[in-house]
Amino acid sequence: MTLDRLAARVRALPPIVADLLVVAVVGAFTTADAAVNEPGYRQADALTWALLVVSLAALACRRRWPVPVVCVTGAACAGWALHGHIGELLNLPVIVALYTVAVLGDRRRTLWTGAIAATVSGLVALKVGRDVVNPQGLPVLEMVWPLVPLLLGEVVRTRRELLAEYAARAARAEEDREREAARRVRQERVRVAREIHDILAHTVSAMTVQAGVALDALDAAPEVSRQAMTQVRASGKEAVRELRATLSVLRAAESTAPAPRLDQLDELVAGVEAGGVRVSLRRDTRGAALPAVVEATAYRIVQEALTNVVKHSAARQAAVSVTCEGGRLIVEVVDEGPPARPPAAPDAERGFGLIGMRERAVAVGGGVRHGPVPGGGFRVRAELPTEAAPPTTAAPPTTAGPPTEAGLPTEGAAP
């Protein structure tokens, strides 16, 4: 058994049991040394045994009153020396007490205790005289030995404090790692939910409108009905492809599916127009090489805005504008019809479309504003940086704020 394992087992004992065990060991060695004195010196008598009992009794209370225990055991040790006893282990009780003062205290108390103990030990040595075993340098040696247990206790206490600090740091690091992992999981869940919402909301809305057109024209215009159903089938295939690509993230560490780009807006607009809403598209990026994440964000914002036009507006016309201005990509979707719901609709009825647009914009360092325009209609305007910003955690949605000077709610507000 190593010394560390033995020390660990001793520390695992109840404090009272450990203290009594220390008293028993110290008492065994001190009693043996006090019983046999050097020839020519005073032998053990009643005073010797009385000092031993007092010293051991005080040592049992060393954890609770370390400094008084040092005083009592030190006085007993000095009493033995002044009484004429010469022994190598008579100072063992005060050594244990000095160690306890250092290991349970602080550096300042250790320094004061060491200075006083060394001074008292030197004075006692001068009073007693020279030891027959060490006839030279006795006062100096007697001043040094009290410092040894104090130094040992200081080293042990410092080591314990360092280990405790390392353990606390490791615990904090583990908590930080768990929080970061949980945050990443939440972000990924929100991202996947946002992707699924955008895909389903847009595709299902378009398919519903196209199916209605096909049903109305089934008898009167079979060719129109056939074209509408063809578009329904194409939209369904595209939705399945995008859903498969999005859900693959849940099975693989990294998705390899291509993100939607701005050059796919023509297909998006064509799908919306097949549902009966005429859309004008203006796209002018001035040849700038936009980050893929910014293009994907702009595409999803346009997709969600057009889906809202189909689902929640009576508009028959909409305008989409994607332009670069002053180092930012400006995405604007405006329709010419009133929204189906009043702005003060309860939270439960608002859906997640506008919230998702805001979260996407914030994630790349941009923002979204939306609201009714004077004269009727609804506008969604997003400003995205042309340089990819570091991902941020999307803030929770807020309630609609008062209109700005342009007649729009504050940035990121959900209607």
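Buried residues (under 20% relative accessible area with a 1.4 Å probe, protein chains only; exposed is over 50% and partly exposed in between) make up 37% of the 415 residues in the protein chain. This is a predicted model, so local features need pLDDT of at least 70 and side-chain atom pairs count only at pLDDT 80 or more, while totals for chains, interfaces and linings use all residues. Residues are numbered from 1 along each chain as its sequence is written, and side-chain values use heavy atoms, with hydrogens and water left out.

Now for the inside. A nonpolar core here is a set of buried Ala, Val, Leu, Ile, Met, Phe, Trp, Tyr and Cys residues joined through side-chain atoms within 4.5 Å. The largest one has 33 residues, and V279, I301, V302, L306, V322, L329 and V331 touch the most other members. Helix α11 gives the most to this core, with eight residues. Apart from it lies another core of 23 residues, L51, L56, L98 and L150 among them.

Then there are the charged pairs. The structure holds 15 salt bridges, each a side-chain nitrogen of Lys or Arg within 4 Å of a carboxyl oxygen of Asp or Glu. E165 pairs with R169 at 3.1 Å, N to O, and with R172 at 3.6 Å between the closest N and O atoms. E165 is partly exposed at 32% relative accessible area, and R172 is partly exposed too, at 42%. Another bridge joins D266 to R283 (3.1 Å, N to O). Salt bridges that share partners also link R328, E332, R379, R381 and E383 into one network.

Technical notes. Helix = DSSP H or I, 4+ residues; strand = E, 2+ residues; numbered from the N terminus.
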